[in-house]
Amino acid sequence: MSQATILLRLQILAEHQYLNVLGACISSLIERLDNVDDAEILSYNVQLGVNEIFANIVDHAYAGQAGHWVDIVFSLHDEPRQFIIELHDSGCEFKPDCVAAPNLDDIQIRGYGLFLVEQLMEQVEYQRRPDGNHWHLAKHL
């Protein structure tokens, strides 16, 4: 993979009320990209996926406790051409093995988030590092 061009670094308070700020940043960045097919659909899908991870950080990593932050880096790779979003928090560890895939034959109220993100993005990676949780999301352009 080629070097990334960092487009924006953002530190945002881990509260649901800032989801619209995050969405506006994504929308504005995608508007500025050249040679993107269906930019509106791309923006919607990326926003939905990133918002889901952010909401899970708020609800699960920080358990809704105020005063915590999420660091987000938006970048562009050219080989292959991808829009990359990396999220970092210092909250509780996520345990992917404990998350069951949703049963799409039965209606359930919760539990679709990570499944949805994996459908919307080409790459979804999670790592627990000594400094916290790291999410890497990639969307092909």
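**View 1. Three helices and five strands make up the predicted protein model.** Helices (DSSP H or I runs of at least four residues) and strands (E runs of at least two) are numbered from the N terminus, and along the sequence they follow the pattern β-α-α-β-β-α-β-β. Of the 141 residues, 40% count as buried, that is, under 20% relative accessible area with a 1.4 Å probe and protein chains only. Residues are numbered from 1 along each chain as its sequence is written. In this predicted model, local features need pLDDT of at least 70 and side-chain atom pairs count only at pLDDT 80 or more, whereas totals for chains, interfaces and linings use all residues; side-chain values use heavy atoms, with hydrogens and water left out.

**View 2. Strands β4 and β5 form a hairpin with two residues between them.** β4 (residues 123–129) and β5 (residues 132–140) run antiparallel and are joined by seven bridges, where pairing requires at least two DSSP bridges between two strands. Within this pairing, tyrosine 126 stands opposite tryptophan 135 of β5.

Technical notes:
Buried < 20%, exposed > 50% of the residue type's maximum accessible area, 1.4 Å probe, protein only.
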